[in-house]
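Subject: Structure for your review

Dear colleague,

My notes on what was found in it follow directly after.

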Amino acid sequence: MAQPSRLDTVFAALADPTRRAILSMLLEDDMAVTDVAHPFEMSLAAISKHLAVLAEAGLISRERRGRVIWCRLEPDALRAAAVWMQGFGQLEPVDLDDFERFLEGELAEEEPGTEAPG
């Protein structure tokens, strides 16, 4: 199996709501691991695993200062994901009402004896 790309690793890390919440917290300032863990109802070990996934994706960095490990957001890691997603901004938005009418018309044409709603 091929190694996941950096973009795959970033999106995998962002897929979890706990990790997204941690990133939101780190937008404000660097935080000690214990402070990161405080609002969550899970063990420090579980939070450490989430932090490891974020660090592996390059979304955060961790630094030991004395006996405390501090976490820092690394916003540049999101740049590649943002550039990739911006490519989809070129697409026209889908009008779901028009799409529903189109599908109803298509289905009506497939059924003998029915007409498309107008």
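Read along the sequence, the protein follows the pattern α-α-β-α-α-β-β-α-α, which amounts to 6 helices and 3 strands. Please bear in mind that this is a predicted model. Of the 118 residues in the protein, 25% are buried. Among the contacts with a separation of 6 or more, 47% are made by residues 24 or more positions apart.

The sheet and its helices

The 3 strands form an open sheet in the order S1-S3-S2, and their pairing is antiparallel. Strand S1 (31-32) and strand S2 (60-65) each have a single partner strand and stand at the edges, so one side of each is left without a neighbour in the sheet. Between S2 and strand S3 (residues 68-73), the antiparallel pairing extends over 6 bridges. Within this pair, isoleucine 60 is found opposite leucine 73 in S3. In general, the strands of a sheet pair through backbone hydrogen bonds, in either a parallel or an antiparallel manner.

Two helices may be described together with the sheet. Helix H2 (residues 17-28) packs on the sheet and touches S1, S2 and S3; the direction of H2 makes about 90° with that of S3. Helix H4 lies across S2 and S3, and runs at about 120° to S2.

Histidine 50

Histidine 50 is located in helix H4, which spans residues 44-56. Is this residue buried or exposed? Its relative accessible area is 12%, and because the cut-off for a buried residue is under 20%, histidine 50 counts as buried. Leaving aside neighbours within four places in sequence, histidine 50 is in contact with Asp16, Thr18, Arg19, Ile22 and Met42.

The cavity

The structure holds 1 cavity of 30 Å³ or more, and the volume of the largest cavity is about 30 Å³. Which residues line the largest cavity? The lining consists of Asp30, Ser61, Arg62, Glu63, Arg65, Trp70, Cys71 and Arg72. S2 and S3 each supply at least two residues of this lining, and the largest share, 4 residues, comes from S2.

With kind regards

How values were computed. Residues numbered from 1 in each chain as written. Predicted model: local features only at pLDDT ≥ 70, side-chain atom pairs only at ≥ 80, totals over all residues. Heavy atoms only, no water. Buried < 20%, exposed > 50% of the residue type's maximum accessible area, 1.4 Å probe, protein only. Contact = heavy atoms within 4.5 Å. Pairing = 2+ DSSP bridges. Axes fitted to C-alpha atoms, helices over the stretch in contact; angles between N-to-C directions. 1 Å grid on protein atoms, 1.4 Å probe; cavity = no way out; pocket = protein on both sides within 12 Å on 5 of 7 lines; lining within 4 Å. Points joined across faces, edges and corners; volume = space filled by probe spheres on them.
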